Amino acid sequence: MNFKTISVIISREYVSRVKKKSFLLTTFLGPIFFAAICILPTLIMLSTNVKSQTVAIVDESGIVAPAIESSEKIIFKDMTCAGIDSLKANFSSLGLSAILTVSPFDPVAKTVEAAVYTEKPISIELEESISHRLDKTLEAYKVNLYNIPDLKEIMDEVKSGIKLKTYTLSSTGEDKMTASEVYMMLSLILSMIIYMFITMFSSMVMRGVIEEKASKVIEVLVSSVKATELMFGKIIGVALVALTQFFMWIALTGVILAVFFGIAGGSMAASSGVNTEEIVAMAGAGTDISGLAAMLSDQDSPAGLIFTTLSQLPMGKIILCFILYFVLGFLLYASLFAAIGSAVENEADTNQLQLPVTIPLLIGFFVAFYAFKSPDAAIVQWCSHIPFTSPIVMLARIPYGVGWGEIIISIAILLATFVGIAYLSASIYKVGILISGKKTTFKDLYKWLKMK
């Protein structure tokens, strides 16, 4: 192969794609989408400060209404005298959010039956709050039935309420508290991103081959360069486009998030009861920036625990492995998709040929969901070395600690598989791009593989 020719094809493929409106559109809309995923939970939390809800109680047991506790968000009112039928008829005019009915106390089963009536389907939060307070009230009543002095206090003392803390030991023997949820989220995000990128950009290679074949452009190109040079040039060109878009997404998403949280910081502080004037005064005086560092180093606070966990992660290793697995995983699947694109004349004909290629990707994606639950399970370890699933599964395992030896073996197998698949795909590609007017089958692909 002529590498100078391949470099020209790479340049053409890269420049032509980055100049497309679709590339510019996805490059700038992608960060907005990713930022929205990060921002929406914050906005939802801020918007949950809704006005209090009123719940009317029709209590035939005489146990719940006098003892159930109200809160800022839910106010319980004893309206037993009004009757359930009257409350239902005047639901809106009374400004009720729900009606809670309680049956007479069953002395045998030592419980009551309860039901909630609302105009609209009840929210999960309201249902859980009512259920929780109802349970606590009935539990307190049943405890008092035993007439044991100070029984409630004894039971409160018996409850342990242990909060489990987790630590990881470094190679130096130092132990630091960690949060397993952070590892889980990072594992999930990495596997989702690598799956999405490999699928999206490999399909881009296939569509590009189909378009050039359908427009007969491929015949002109093949008259000037070798088919294999054209295939590898196209694949590498799209890989560079993918990396360009990926790094731009990271940069732009970071900018959007920084601007949003910079503007919304005051609102969030106000909604959480933080005195922003004191914070500004402290920052302006330059006296207590150490307070922020103290908060982040406080492993008993959620922010400190997250920061401590993130600081222990080998981010350099994760980023390097992400790039390596993305590039090699993309090259592997792009070779297969390029071969598929060369064998068909339109995208509708790719379904049959594409299925055996996409199934390993889906298997890897599903195994990755199991990886953060049990990163050392046999199926997870096997899939992190099988080349067709390793780009997704190994990335899901790396936050939990995978040695370089295991990673190098996995990458070596992936690289060797890519070389073999690329050779086979090139054999199909150089025959398939010149054949038209016939629906390709797996039998045809096998014949093309044997052709020299």
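Helices in this tour are DSSP runs of H or I with at least four residues, numbered from the N terminus. The model is predicted, and local features need pLDDT of at least 70, side-chain atom pairs count only at pLDDT 80 or more, while totals for chains, interfaces and linings use all residues. Residues are numbered from 1 along each chain as its sequence is written, and side-chain values use heavy atoms, with hydrogens and water left out.

**Stop 1: helix 1**

Select Glu 13 and Arg 17, which both lie in helix 1 (residues 3-18), four residues apart, or about one turn of the helix. Their side chains meet in a salt bridge with an N to O distance of 2.8 Å, the term being used here for a side-chain nitrogen of Lys or Arg within 4 Å of a carboxyl oxygen of Asp or Glu. Glu 13 counts as buried at 3% relative accessibility, and Arg 17 is buried too, with a relative accessible area of 9%; buried means under 20% relative accessible area, exposed over 50%, and partly exposed in between, with a 1.4 Å probe and protein chains only.

**Stop 2**

Lys 234 is buried, its relative accessible area being 2%.

**Stop 3: Arg 397 and Asp 376**

Next, select Arg 397 and Asp 376, which form a salt bridge whose closest N and O atoms are 3.7 Å apart. Arg 397 lies in helix 16 (residues 390-397) and Asp 376 in the loop between helix 14 (350-371) and helix 15 (378-383), so the pair ties together parts that are 21 residues apart in sequence.

A search of the whole structure finds six salt bridges, among them the pair of Arg 397 and Asp 376.

How values were computed:
Helices (H or I, at least four residues) and strands (E, at least two) are DSSP runs, numbered from the N terminus.
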